[in-house]
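Biologist: I would like to go through this model with you and hear, for each label you attach, the value and the cut-off behind it.

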Amino acid sequence: MAAPALALRRAPLRLGPGGCLRGRAPRALSARGRGLRAAVVWGRSATASSGLDAPGSGLYCVELLRKRDYEGYLCCLLLPAEARSSAFALRAFNVELAQVKDSISQKTIGQMRMQFWKTAVEDIYSDNPPHQPVAIELWKAVKRHHLTKRWLMKIIDEREKNLEDKAYRNIQELETYAENTQSSLLYLTLEVLGVRDLHADHAASHIGKAQGIITCLRATPYHTSRRKVFLPMDICMLHGVSQEDFLRKNQDKNVRDVIYDIASQGHLHLKHARSFQKSVPVKAFPAFLQTVALEDYLEKIRRVDFDVFHPLLQQKNTLLALHLYIRSWKKKY
């Protein structure tokens, strides 16, 4: 990505009639294919016939998602009934992996947990899952929908690489991380919905990248509270901003310009995803409902002039469930 292409002005960025941001895009993009508190048991495998169909595992996944990924929880509720439990399992699997980085004091421990999940996925495809609630539900989803193992392993591998406490070197590195985690999760969700379509995969690729970019922005206040900054270094360098500026919660224009450029990149991915809307099977649309929450954040950060630390950004959208339902009813993403 050429550095000058990221030098944007904030002013033109605004919402259009369809809730989309308008303004100059930072650069062109190329599309790529494609209430239960149960104890987590990290023991070894047992055969599929030894009581793995425990009813508590499904409730565990739902509760984990409700507490740790509320937006994903709401999106899952709007999926067709036959796909819902599998979608909960996939998102719970993603939450389990996402929590590893923030719950460890040493990288080695994180690698051990990732190895557990690598082995668990191999055992799941051997019809011999471990006695762990998310793994059990994932096993059911794999059997029911014949999910592609490659996407599950990509999520684990990329999360493992990300155990290092290092900022992304450039926006492309952040996009690669988002593609291998968030987009892979969407590819699996499409399989749960019975959709195997190239246009849907293209849309999923861009929505996943938008999700990863916007999640990076949303997590910035939390990360800086732990004296860590993960924002792409190339954009920070372009505007002469250091990590210390973010740790001090500096509100200079240059700092806001960094946030604007990153937010614009997320918006551009949403725009590209929507360019496939007429070609994507309607059956795939429920997998993409998370665009509602992404739009909501982009609108909020625009209203506060790209102050990533503004209190407004920490407030939950109490109407999110309604907006998701309306978007679902309209069959749009």
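Biologist: What covers the buried residues of H5?

Modeller: This is a predicted model, in which local features need pLDDT of at least 70, side-chain atom pairs count only at pLDDT 80 or more, and totals for chains, interfaces and linings use all residues. Residues are numbered from 1 along each chain as its sequence is written, and side-chain values use heavy atoms, with hydrogens and water left out. The cover of the buried residues of H5 includes helix H1 (56–68), H3, helix H4 (107–125), helix H6 (149–161) and helix H7 (171–192); helices are DSSP runs of H or I with at least four residues, strands are runs of E with at least two, and both are numbered from the N terminus.

Biologist: Why is H5 called largely enclosed?

Modeller: Buried means under 20% relative accessible area, exposed over 50%, and partly exposed in between, with a 1.4 Å probe and protein chains only. Because 11 of the 13 residues of H5 are buried, H5 is largely enclosed by the rest of the structure; among the buried ones are Trp139, Lys140 and His145.

Biologist: How do you know that the length of helix H5 (residues 133–145) agrees with what it should span?

Modeller: The expected span is 1.5 Å times one less than the number of residues. For the 13 residues of H5 that gives 18 Å, and the end C-alpha atoms are 18 Å apart, so the two agree.

Biologist: What makes Ser86 count as buried, and with a relative accessible area of what value?

Modeller: Ser86, which is found in helix H3 (residues 81–102), has a relative accessible area of 1% and is therefore buried. Leaving aside neighbours within four places in sequence, Ser86 is in contact (heavy atoms within 4.5 Å) with Ala141, Arg144, His145 and Val192.

Biologist: Which residues have the most contacts inside the largest nonpolar core?

Modeller: A nonpolar core is a set of buried Ala, Val, Leu, Ile, Met, Phe, Trp, Tyr and Cys residues joined through side-chain atoms within 4.5 Å. The largest has 63 residues, and those with the most contacts inside it are Phe93, Trp117, Val280, Phe288 and Tyr333. H3 gives the most to this core, with 9 residues.
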